[in-house]
Amino acid sequence: MAESSEVLVVSAPGKIILHGEHSVVYGKTALAASIGLRTRVRLRSSSNGATRLHLASLDISREWRLESLSHAIPIIDGIRNPAPPQADSMLILRQLSQSDKGDIEDSALLVFLFLYTHICSASALPGLDVEVGSDLPPSAGLGSSAAYCTSLAAALLAATHNISRNPSNGRWQQEDLELIDKWAFRAETLIHGNPSGIDNTVSTFGGALSYQSGHISELKSMPTLRVLLTNTNVPRSTSTLVSAVKDNVNKFPDIYKPILDSMGAIAVESKRVMEALASGTLPEVSVACNTLESKDDLFCVLETLIDVNQQLLMALGVGHPCLEQLCRVTRKHGLHSKLTGAGGGGCGFTVVPPGVGANVVEAVRADLVRCGFVCWETDLGGPGVCIPRTEQSLVQEK
Ligand code: PMV
């Protein structure tokens, strides 16, 4: 365990789905990338016989006496192969995580207790003081729960010396990152039941990933892509939207399946274009444009793919007037947007090509804020979970 004076800070990013939401459920390729909005965990030892958790963004603090947690410590088969949570210890942890504040709060407390009692199970539970802050809005499709699970798993694994950083570059080794990812995935199942695993994987490894039928592969390289992220603040439920799409697909397979095929093709094409942008080579893209002569042409293709996918998502029934308004407003400034995640509200993103000046971005942002939306400008494909080099406040300035 870390010395009592030592403070350990870990941060992990959220994600956006660039292409492939919904169609991924039907075995098509999806493309996701890390974003600059992150969750930060600050952990130190405490010697007062208790463990305290403070979740700044949810405005919740809880303290548990160590003796009340001792009968919830599971017997596990080592740290390196996290097994699915066991029913008996989860029953106790669920009772200890009731907050009467709401489901998000209860799940956040449960995830903490799960990771803490499991990762620290090898010896007597250490008393800890843990603070968590996040730039990520919850339930908006930006992977806030995965960033929470990933940063907590990494902090606890580091504090218990189950992972160690490479002295030459200060980063965790691949096998340690894989271990963080496995624990984060187990924790995510407590929140989402049966998640695909893409959110925790992006949060752990950063960069951009493609995902198809359980197989996750890293993009060979990721160009610097600037985006404006917009939260319409319209609440939506991923599971309700996924089952509404399923109803449509079951009722009219000949109509909806071609839409899903197109979405899969868009994700594949977009991956090729992004790899070409990163490597500086021009691919033979299969869209109806003649020859590609420059980076600007590649951005044009990316923008076309974004527009087409947005229309397809609306045809699938997961649009929302606020998302249409977001696309209209950015289009007025010559920028292209689509929803990201489940749709029906939530977030969208707008690609900002390299030549677009700060004044244009500010004008777009101001128009979007006037619609009642919240915006962040961020790069895509940044680092995954890490110990930041410099001391950071728990929540970044917007
Ligand atoms: O908005 P999110 O992050 O919950 O994304 C959901 C993505 C879907 O494809 C709609 C569902 C899924 O499980 O992949």
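The following dialogue explains how several features of this predicted model are read.

Student: Which conventions apply to the model?

Tutor: Residues are numbered from 1 along each chain as its sequence is written, and side-chain values use heavy atoms, with hydrogens and water left out. As the model is predicted, local features need pLDDT of at least 70 and side-chain atom pairs count only at pLDDT 80 or more, whereas totals for chains, interfaces and linings use all residues.

Student: What domains does the chain have, and how far apart are their centres?

Tutor: Domain bounds come from an automatic or database domain assignment. Here that assignment gives domain 1 (6-220 + 382-396) and domain 2 (225-380). Their centres, taken over C-alpha atoms, are 28 Å apart. With contact defined as heavy atoms within 4.5 Å, 29 residues of domain 1 and 37 residues of domain 2 take part.

Student: How much area is buried between domain 1 and domain 2?

Tutor: Buried area is the accessible area (1.4 Å probe) that two parts lose on being put together, summed over both. For this pair of domains the value is about 2700 Å², and carbon and sulfur atoms give 67% of that area. On the side of domain 1, the most area is lost by His-19, His-22 and Tyr-26, together 26% of what that side buries.

Student: How many salt bridges are counted between domain 1 and domain 2?

Tutor: A salt bridge requires a side-chain nitrogen of Lys or Arg within 4 Å of a carboxyl oxygen of Asp or Glu. Between the two domains the count is three. Elsewhere in the description of side chains, Asp-261 and Lys-28 form a salt bridge with an N to O distance of 2.7 Å.

Student: How many aromatic pairs does the structure hold?

Tutor: Rings of Phe, Tyr and Trp (its six-membered ring) pair if their centres lie within 6.5 Å; planes under 30 degrees apart are stacked, over 60 edge-to-face, and the rest tilted. The structure holds four such pairs. One of them is the stacked pair of Trp-64 and Phe-112, at 5.8 Å centre to centre and 20° between the planes. This pair joins distant parts of the chain, 48 residues apart: Trp-64 lies in strand E4 (residues 60-65) and Phe-112 in helix H3 (residues 103-119). Strands (E, at least two residues) and helices (H or I, at least four) are DSSP runs, numbered from the N terminus.

Student: Why does Trp-64 count as buried?

Tutor: Buried means under 20% relative accessible area, exposed over 50%, and partly exposed in between (1.4 Å probe, protein chains only). Trp-64 counts as buried because its relative accessibility is 4%; Phe-112 is also buried, at 0%.
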